[in-house]
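Let's take a look at a protein together, going from the overall picture down to one helix. Have the sequence and the 3D view handy.

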Amino acid sequence: MHTLTSPRYLKNLLARHGFQFSKSLGQNFLIDENILKKIIRGAKLSPGDIVLEIGPGVGTLTTALADLAAKVIAVEIDNSLKPILEETLEGLDNVEVIYEDILRLNLDELIQGRLFNRPFKVIANLPYYITTPIIMRFLEKGCSYVSLTVMIQKEVAARMTARPGSKEYGALSVVVQYYTLPRVICKVPASVFIPPPKVDSTVITLEKRSKPAVDVDNPAHFFQVTKAVFAQRRKTLPNTLIAAHITDLDKAALNEKLISLGIDPRRRGETLTLEELASISNHI
Ligand code: SAM
C-alpha cells in the first residue's frame, strides 16, 4: 500500500509538521490508492516521459509519477509544504519541486529551461477555480504538451466532453474538442480526500490532437463565432450572428448563405457541430 494514501499516515505526517490546511488553495489530499492508479493509468506514462505536475500537495501522486517517468517537475504554491515534500520525496532524484504560483510562472521559461523543450505530460489536481484557466493556457499556447490529465469538477468534465445539442454543450466543449481529444478517466467522490471537498470530481485526460479537429482560416474568428453562438442561446442563428457583428450580410442574404453551406437557418446555435461552426467561420 502506498503510505501517503493511508489516512492515518497522512494525518500523522501533517500533524508532525504542524501543517494547516488552506481552503483558498483548494488543499484536499487524495487518500485513495485506486483513484491514484487510475490517474496514472489515464496519463499513459512510459519510462521516458517528462511530467509537469501542478499542485503536488504532500507528494502522493508525485512519488508514484517518479517511479514511472524519467523526470517530474512539480509546481507547488504553498511553501509550508516544503518540509513535508522534502521528507516524502527524499531520495527521488528525478523529482524537482518549484515553489511558485503556476499562474505567475513564465511557462515559456519553464518549458525551455526545466522541461528541455521536450514533449511533456501535465498532471494536475488543483483548486477548481484555476483549473480551467490553466487548461486554456496550455491549449491556446500550442506548446509541446502531449496530454493534460486533470481532476476537475464533474460538471466541467461533462461540458468538455459534451456532444452538440446536449445541454452541457457550449463554447468550452468546442475549444477543448478543437485542440484535444477529451477522455473521462474516472469519477471521484468527495470522500476520497482529506478534508472532503464540497463537490464530486472527474479525472479527465485531454490528449493533444496532432492538428486541430477542423480546418479554420482564422482561429480567433472561429472562437468569436463560437462565443457568439453560445452567448445567445435563445436567438436563432441569423439573429445571433447579426447581433454579434459577425457578418455584414442582412438577414435574407445570411439565410441564403447558411442554406448554401447546408445549415438550416432555423437551427439553434447549440446544435452546431465543430465542422458547421468552422464552415460558418470560414464563409461568413
Ligand atoms: N496532488 C495532491 C493530491 O492529489 O493529494 C494535492 C491536491 S490539492 C487538491 C491542490 C494542490 O495545489 C495543493 O497542494 C495546493 O497548495 C496547490 N495549489 C493551489 N493553487 C496553486 C497554484 N496557483 N500553483 C501551484 N499550486 C497550487
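First off, this is a predicted model. Counting its pieces, you get 12 helices and 9 strands in the protein. Here are some whole-protein numbers to keep beside the picture:

| Property of the protein | Value |
|---|---|
| Span of the C-alpha trace along the principal axes | about 70 × 40 × 30 Å |
| Accessible surface | about 13600 Å² |
| Distance between the mean positions of the 35 positive and 30 negative charges | 6 Å |

Of the 284 residues, 50% are buried, and carbon and sulfur atoms hold 51% of the accessible surface. Now think about contacts with a separation of 6 or more: 66% of them link residues 24 or more positions apart.

Next, the domains. The protein splits into domain 1 (3–208) and domain 2 (219–283), with 36 Å between their C-alpha centres. Where they meet, 11 residues of domain 1 are in contact with 12 residues of domain 2. Together the two domains bury about 920 Å² between them, and 74% of that is on carbon and sulfur atoms. On the domain 1 side, Tyr-169, Val-174 and Tyr-178 lose the most area to domain 2, together 52% of what that side buries.

Finally, zoom in on helix H12 (residues 274–283). Why is H12 largely enclosed by the rest of the structure? Because 7 of its 10 residues are buried. Those buried residues are Leu-274, Glu-276, Leu-277, Ala-278, Ser-279, Ile-280 and Ser-281. And what do the buried residues of H12 pack against? Their partners are helix H8 (171–179), helix H9 (219–231), helix H10 (237–243) and helix H11 (251–260).

Conventions
Residues numbered from 1 in each chain as written. Predicted model: local features only at pLDDT ≥ 70, side-chain atom pairs only at ≥ 80, totals over all residues. Heavy atoms only, no water. Helix = DSSP H or I, 4+ residues; strand = E, 2+ residues; numbered from the N terminus. Buried < 20%, exposed > 50% of the residue type's maximum accessible area, 1.4 Å probe, protein only. Contact = heavy atoms within 4.5 Å. Areas by Shrake-Rupley, 256 points an atom, 1.4 Å probe, with all protein chains shown as cover. Lys, Arg positive; Asp, Glu negative; His and termini not counted. Charge placed at Lys NZ, Arg CZ, Asp CG, Glu CD. Domains from an automatic or database assignment. Buried area = accessible area lost by both parts, 1.4 Å probe.
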